[in-house]
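Subject: Structure handover

Hello,

Here is the structure we talked about. Please open it beside this email and follow along.

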Amino acid sequence: MPLQKSWVKSANAAGSPFPLNNLPYGVFSICDVTPRCGVAIGEFVLDLTALEASGAIDCKATLQGSSWNAFMALGARAWTTLRTQLTTMLREDAEDPERLKPHLYRLADVQLHMPFVVAEYTDFYASRHHATNVGTMFRGAENALPPNWLHIPIGYNGRASSVVVSGTPVRRPWGQLKAPNVPEPHFAPSARFDIELELGAVVGMASTGPISVAEADAHIFGYVLLNDWSARDIQAWEYQPLGPFQAKATATTISPWIVTAAALEPFRCATPEREVPLLPYLAEPFPTLFDIDLEVLLAPDRKTPTVLTRTNYKEMYYSSAQQLAHHTACGCAMRVGDLLGSGTISGPAPGNRGSLLELSLGGQTPIELDTGEHRSFVEDGDTVTLKGAAQGDGFSIGFGDCKATVLPALDDPYGRG
């Protein structure tokens with residue numbers, strides 16, 4: 001599909017993350033006015049709350065709040081209708097663009113907020129390259145993958161309350177740590193604070209029992225970039241026998257725009273061939289991954305950023321649709337606004353690794369930044385930015401930055417002095 005041209009000229013510019021082909025949904029405010037729903041187009045955001053109030057679009061009054069949850073709950077037909085209406089209103093030959101212009105605001109002038117209320121958050125461990133890299137570090141190459149890994153998407157239930165929008169600072173966590181050769185643990189700030197490059201799937205339709213992979217794919221409203229902040233030293237002490245807990249509860253940062261599944265449709269690609277066949281309920285009925293270029297940049301204390309890694313979502317072993325189908329297999333009900341993290345997205349080469357744990361080989365090989373500094377894990381003052389885009393014929397489907405700066409740990413969370 002080629003670039004669809006819009007009367008909003010900046011949407012037609014080469015390299016614009018928000019062409020007419022995209023139309024991602026978000027929540028924004030201006031001058032502390034109540035946040036409202038909008039759609040990104042070029043260098044602007046179009047106020048859909050105002051458009052709905054004026055009668056220009058009809059979304060059953062679901063856009064009069066400050067999240068997309070109510071609209072998502074209307075279902076796939078409503079999703080298609082709104083996208084079609086907006087495409088018609090914003091295309092180059094639209095009948096009456098003048099009625100929309102008063103509702104356009106420059107992205108540079110607005111504040112972006114959480115685009116939806118996160119009902120529940122589940123994070124997975126679904127990149128074979130990532131799982132192999134990490135497993136090799138801790139168990140050796142012959143035991144890198146757990147016995148169940150090639151059969152099921154492994155995940156854990158995270159904290160919805162910890163999910164924050166891009167731009168929100170992240171404070172280094174305290175936790176219980178134990179050095180390998182020390183008999184007792186101690187309580188201190190994490191010294192091995194890490195990032196994980198992920199894609200988050202936003203569930204737009206509720207379910208009350210098992211659903212197929214095809215149904216799960218249709219239930220996904222859209223996708224966001226996701227940084228699963230991870231305190232590796234806290235994780236190393238706590239993860240047995242039940243897996244991650246406090247190590248993953250500090251923060252999860254997401255990008256502010258939900259890129260719809262419809263916008264990504266032209267970029268579908270299949271999951272890899274299986275050396276171990278999946279059980280039928282997880283079989284892929286059609287391509288369920290997407291060709292999305294991803295990268296991570298790290299800037300120490302407002303200095304020049306360094307590209308840490310580049311990879312692609314198509315490297316995943318399990319897709320979000322397979323993860324969602326597996327999540328429901330036991331009868332687990334899913335809610336509108338559930339968020340599924342893909343798990344760290346790593347590729348086959350050293351420069352494709354999606355976490356500092358992998359990039360620095362567990363801290364043994366620090367990474368040299370363009371500034372001349374070195375990093376094994378993130379340091380206070382570092383700003384980490386995730387970027388992503390699907391590359392079309394003369395256009396890009398961008399997500400907007402997923403960015404956060406690391407703040408120092410509290411002096412003492414319990415005031416002991």
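Start with helix H8. In this predicted model, the buried residues of H8 are Ser 320, Ala 321, Gln 322, Gln 323, Leu 324, Ala 325, His 327 and Thr 328. That is eight of the nine residues in the helix, which spans 320–328, so the rest of the structure largely encloses H8. What do these buried residues pack against? Five of the partners are strands: S6 (121–124), S7 (155–157), S13 (197–203), S14 (220–228) and S22 (339–341). Helix H5 (213–219) is also a partner.

Next, the cores. The largest nonpolar core has 67 residues. Which of them touch the most other members? They are Tyr 223, Trp 229, Leu 264, Ile 292, Tyr 313 and Val 378. Strand S13 gives this core its largest share, four residues.

Leaving out residues up to four places away in sequence, Tyr 313 touches Leu 199, Leu 289, Phe 290, Ile 292, Leu 294, Ser 319, Ser 320, Ser 342 and Ile 345. One of these, Ser 320, is a buried residue of H8.

Now the aromatic rings. The whole structure holds 16 aromatic pairs. One of them joins Phe 193 and Trp 229. The two rings are stacked, with 5.5 Å centre to centre and 25° between the planes. This pair links distant parts of the chain, 36 residues apart. Phe 193 sits in strand S12 (residues 193–194). Trp 229 sits in the loop between S14 and strand S15 (230–231). Are these two residues buried or exposed? Phe 193 is buried, at 0% relative accessibility. Trp 229 is buried too, also at 0%. You have met Trp 229 already, in the largest nonpolar core.

Find Arg 274 next. Arg 274 lies over the face of Tyr 317, at 4.1 Å from the ring centre. Arg 274 also lies over the face of Tyr 318, where the distance to the ring centre is 5.4 Å.

What about disulfides? A search of the whole structure finds zero. Take Cys 37 and see why: the closest cysteine sulfur to its own is in Cys 59, at 9.1 Å, too far for a bond. A disulfide needs the two sulfur atoms within 2.5 Å.

Last, step back to the whole protein. How many helices and strands does the protein have? It has nine helices and 27 strands. The radius of gyration is 21 Å, close to the 22 Å that the globule rule gives for 417 residues, so the protein is as compact as a globular protein of that length. The C-alpha atoms fill a box of roughly 75 × 50 × 40 Å along the principal axes. Buried residues make up 54% of the 417. Among contacts between residues at least 6 apart in sequence, 71% join residues at least 24 apart.

Best wishes

Definitions and conventions
Residues are numbered from 1 along each chain as its sequence is written. This is a predicted model: local features need pLDDT of at least 70, side-chain atom pairs count only at pLDDT 80 or more; totals for chains, interfaces and linings use all residues. Side-chain values use heavy atoms; hydrogens and water are left out. Buried means under 20% relative accessible area, exposed over 50%, partly exposed in between (1.4 Å probe, protein chains only). Helices (H or I, at least four residues) and strands (E, at least two) are DSSP runs, numbered from the N terminus. Contact means heavy atoms within 4.5 Å. Rings of Phe, Tyr and Trp (its six-membered ring) pair if their centres lie within 6.5 Å; planes under 30 degrees apart count as stacked, over 60 as edge-to-face and the rest as tilted. A charge sits over a ring if NZ of Lys or CZ of Arg is within 6 Å of the ring centre and within 35 degrees of the ring normal. A nonpolar core is a set of buried Ala, Val, Leu, Ile, Met, Phe, Trp, Tyr and Cys residues joined through side-chain atoms within 4.5 Å. The radius of gyration is taken over C-alpha atoms; the globule rule is 2.2 Å times the number of residues to the power 0.38.
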